[in-house]
Amino acid sequence: RFPDMTQVYDEAMATVLRAKAAELGQTLYEGVYVQLSGPSFETPAEVRMLGLLGGGAVGMSTACEAIAARHMGMRVCGLSCLSNKGAGLSAAPLTHQEVFDAGQRMEKDMTALLRAAIGELDRV
């Protein structure tokens, strides 16, 4: 089970999300997402290392799910809500509440984007 990961994320689907975000006045950022195993926040040393390797965002999910979906032959489009600064990038300690609160703040925009895009995603 070794799916080709050269093109994990489907460009046609990403184009739809970009267009719908623009129509809604939303700004999407693109970069390199790195997954660590969790279930814990990353350490400051890991954040520094991953930054040196080109990572721009770190999380505990998404990559494994994308690999599994590609293995099953599915098309994949990634969309993440960045909820907190990485360990060592802020004086405040990381908390699950911070992540939860960020998700609550982004819920309306993420829902609007997905509702706007879902029909067209089925057609690309």
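Modeller: Before the first label, one term: contact means heavy atoms within 4.5 Å. The model is a predicted one.

Colleague: With that term, which residues is aspartate 10 in contact with, leaving aside its neighbours within four places in sequence?
Modeller: Aspartate 10 is in contact with Arg75 and Val76, once those neighbours are left aside. Aspartate 10 itself is found in the segment before helix H1, which covers 11-23.

Colleague: Why is aspartate 10 called buried?
Modeller: The relative accessible area of aspartate 10 is 17%. Buried means under 20%, so aspartate 10 is buried.

Colleague: What does the side chain of aspartate 10 reach?
Modeller: The side chain reaches the backbone nitrogen of methionine 13, at 2.9 Å. A polar contact needs N or O atoms within 3.5 Å, and the distance here is 2.9 Å.

Colleague: Methionine 13 brings us to the core. Which residues make up the largest nonpolar core?
Modeller: There are 7 residues in all: Met13, Val16, Leu17, Ala21, Leu113, Ala117 and Leu121. H1 and helix H4 (96-123) are the elements that give two or more residues to this core. The largest share, 4 residues, comes from H1. In soluble globular proteins, nonpolar side chains tend to be buried together.

Colleague: How do you know that H4 has buried residues covered by H1?
Modeller: The buried residues of H4 are Ala102, Leu113, Ala117 and Leu121, and what covers the buried residues of H4 includes H1. Leucine 121, for one, is in contact with Met13 and Val16, leaving aside its neighbours within four places in sequence.

Colleague: Where does H4 bend?
Modeller: H4 bends at methionine 106, by about 45°.

Colleague: What makes the pair arginine 18 and glutamate 11 a salt bridge?
Modeller: The N to O distance between their side chains is 2.8 Å. The cut-off for a salt bridge is 4 Å, so the pair of arginine 18 and glutamate 11 counts as one. Arginine 18 also forms a salt bridge with glutamate 30, with the closest N and O atoms 2.6 Å apart. Arginine 18 lies in helix H1 and glutamate 30 in the loop between H1 and strand S1 (33-35), so this pair ties together parts that are 12 residues apart in sequence.

Colleague: Why is glutamate 30 called exposed?
Modeller: Glutamate 30 has 60% relative accessibility. Exposed means over 50%, so glutamate 30 counts as exposed. Arginine 18, at 30%, is partly exposed.

Colleague: What do lysine 20 and glutamate 120 tie together?
Modeller: Lysine 20 lies in helix H1 and glutamate 120 in helix H4, so the pair ties together parts that are 100 residues apart in sequence. Their closest N and O atoms are 3.3 Å apart in the salt bridge. Lysine 20 counts as buried at 14% relative accessibility, whereas glutamate 120 counts as partly exposed at 30%.

Definitions and conventions. Residues are numbered from 1 along each chain as its sequence is written. This is a predicted model: local features need pLDDT of at least 70, side-chain atom pairs count only at pLDDT 80 or more; totals for chains, interfaces and linings use all residues. Side-chain values use heavy atoms; hydrogens and water are left out. Buried means under 20% relative accessible area, exposed over 50%, partly exposed in between (1.4 Å probe, protein chains only). A polar contact is a pair of N or O atoms within 3.5 Å; within protein, one must be able to donate a hydrogen and the other to accept it, and residues adjacent in sequence count only if both atoms are side-chain atoms. A nonpolar core is a set of buried Ala, Val, Leu, Ile, Met, Phe, Trp, Tyr and Cys residues joined through side-chain atoms within 4.5 Å. The bend at a residue is the angle between axes fitted to the seven residues ending there and the seven starting there.
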